[in-house]
Amino acid sequence: MQVTLREWQTGDEAAAVRWSRDRAFCRANGWTPDLSAQQVREWWRERGEQAGHLRMIEVDGGLVGYAEWQDVQGGEAELGIAIGDSDLWGQGVGTQAGKQMLAWAFGELGLRRVWAEVHEPNARSLALMRRLGLREVSRNGTGEYQGAVVSMVQFELLCGEKRINRPAEA
């Protein structure tokens, strides 16, 4: 399986429309379900045209998700990864995309610190952050996840720290 990252392109909205029809994906990523295809296309077109730190994730040439650096400032940024095709969850796509995002962050972007915030019940995302070598630094705040208010787990990785890349768990 070949996982690659690329910039957003006009036409990528079609994949976002497909992902928006996957209830499991919407629940896991806080997307509003039942938006019209036109609403999803317009939102993604605007977002894609403005996002300098958004990367689309392809597997063997097919668009399956996205990753991004948010709140990029002061040498720091927040990592977000979403695999839109839920059939690929647990297959290592997020891990491969995350490694590429970290290389970009600590290389070309010159970041000193990256961080992520994960909903505590989201076991796959918690495991992904640990596989990428981010360490848990706190459990502060709450957020909505799959219709419930849950605790948040904060992770970080500093430039130059050794990343621990464990194999994906089945």
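In this predicted model, the side chains of arginine 113 and glutamate 156 form a salt bridge, with N and O 2.6 Å apart (a salt bridge being a side-chain nitrogen of Lys or Arg within 4 Å of a carboxyl oxygen of Asp or Glu). Arginine 113 belongs to strand 5 and glutamate 156 to strand 8 (residues 148-158), so the pair ties together parts that are 43 residues apart in sequence. Helices (H or I, at least four residues) and strands (E, at least two) are DSSP runs, numbered from the N terminus. Glutamate 156 is buried, at a relative accessible area of 13%; buried means under 20% relative accessible area, exposed over 50%, and partly exposed in between (1.4 Å probe, protein chains only).

A second pair joins arginine 139 to glutamate 120, with the closest N and O atoms 2.3 Å apart. Here the loop between strand 6 (135-138) and strand 7, which holds arginine 139, is linked to the loop between strand 5 and helix 5, which holds glutamate 120, 19 residues apart. Arginine 139 counts as partly exposed at 42% relative accessibility, and glutamate 120 as partly exposed at 35%. Shared partners join Glu76, Arg113, Arg135 and Glu156 into one network of salt bridges.

Across the whole structure, the search finds 12 salt bridges. One of them pairs aspartate 85 with arginine 18 (3.8 Å, N to O). Aspartate 85 sits in the loop between strand 4 and helix 4 and arginine 18 in helix 1, so this pair ties together parts that are 67 residues apart in sequence. Arginine 18 itself is partly exposed, with a relative accessible area of 42%.

Helix 1 (residues 13-20) is otherwise mostly covered, with 6 of its 8 residues buried: Glu13, Ala15, Ala16, Val17, Trp19 and Ser20. These buried residues pack against helix 2, helix 3, strand 2 (54-59) and strand 3, where contact means heavy atoms within 4.5 Å.

As for numbering and thresholds, residues are counted from 1 along each chain as its sequence is written. Local features need pLDDT of at least 70 and side-chain atom pairs count only at pLDDT 80 or more, while totals for chains, interfaces and linings use all residues, and side-chain values use heavy atoms, with hydrogens and water left out.
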